[in-house]
Amino acid sequence: MSKLEQIVVLDPPNDLRFRGPFTDVVTTNLKLRNPSDRRVCFKVKTTAPRRYCVRPNSGIIDPGATVTISVMLQPFDYDPNEKSKHKFMVQTIFAPHGATDLDAMWKDAKPDDLMDSKLRCVFDMPSDSEKPIELDSTRAAGAAVSALRAEGPSGARSLDDAEMRKVMEECKRLQSEVGKLHDENRQLKDDGLRMRRANQMDSSKSSALREPGSRSLPSLLVVIAAIFIGFFLGKFVL
């Protein structure tokens with residue numbers, strides 16, 4: 001009996017490409033589409049299980065549905081002279097009616113019922129000609145961010161965080177000085193009012209002191225006049 005043809009459609013169909021640099025985890029996606037009217041079980045295997053993390057690595061695809069699998073390559077020292085020999089295999093099988101234990105199903109599966117597809121791993125390292133382009137793009141993005149921070153929506157220059165803090169501190173200082181000026185102005189008004197009251201009291205006392213003197217002046221003149229009259233009368237009599 002010939003081997004069954006793979007019912008699941010793979011995207012990509014042949015290669016899993018990983019783009020460097022490989023100093024951090026590099027992830028690529030593999031899509032499995034079930035075009036049939038039956039449920040399909042799948043399992044993903046690799047020749048280098050310690051170098052990859054696959055999520056999910058097994059499951060069931062409903063009729064007409066698509067499952068996306070994330071294949072994560074762990075960091076490693078890339079050698080351009082060394083060709084990758086890593087491979088992946090996607091095994092599938094039609095899910096039996098009422099099947100619940102997938103592990104038991106795979107264990108009891110007959111080889112003639114299995115369908116599989118193989119993919120090879122390809123490592124792509126950016127060429128030297130591509131690096132300046134990425135660098136220029138980064139610089140351009142940085143310049144755009146700087147321009148947006150330097151210019152507001154109307155094109156006017158806006159303030160950055162440090163300048164904004166300085167402006168706020170200056171505003172607080174000015175508000176404090178205005179408050180002090182208000183207090184000093186109020187104090188001056190109170191002092192002026194007290195001085196006016198004191199002057200009014202001094203004026204009242206001075207008037208009171210001058211009034212007795214002004215009233216005693218006529219009586220003094222009368223006494224002096226009487227003395228002179230008496231003196232002249234005395235002369236004429238004698």
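Modeller: Happy to! Ring pairs join F18, F22, Y52, F76, Y78, F88 and F123 into a cluster. Rings of Phe, Tyr and Trp (its six-membered ring) pair if their centres lie within 6.5 Å; planes under 30 degrees apart count as stacked, over 60 as edge-to-face and the rest as tilted. By this rule the count comes to eight aromatic pairs.

Before we go on, a word on the source: this is a predicted model, where local features need pLDDT of at least 70 and side-chain atom pairs count only at pLDDT 80 or more, while totals for chains, interfaces and linings use all residues. Residues are numbered from 1 along each chain as its sequence is written, and side-chain values use heavy atoms, leaving out hydrogens and water.

Take F22 and Y78: their pair is tilted, with 5.3 Å centre to centre and 35° between the planes. F22 sits in the loop between strand 2 and strand 3, Y78 in the loop between strand 7 and strand 8, and the two are 56 residues apart. (Strands are DSSP runs of E, at least two residues, numbered from the N terminus.) F22 is buried, with a relative accessible area of 3%, whereas Y78 is partly exposed at 27%. Here buried means under 20% relative accessible area, exposed over 50% and partly exposed in between, using a 1.4 Å probe and protein chains only.

Now look at Y52 and F88, whose ring centres are 5.0 Å apart with planes at 80°, so this pair is edge-to-face. Y52 belongs to strand 5 and F88 to strand 8, so the pair ties together parts 36 residues apart in sequence. Both Y52 and F88 are buried.

F18 touches Y52 as well as F123, and its other contacts include V26, V71 and L73; contact means heavy atoms within 4.5 Å.

Definitions and conventions: Helices (H or I, at least four residues) and strands (E, at least two) are DSSP runs, numbered from the N terminus. Lists of a residue's contacts leave out its neighbours within four places in sequence.
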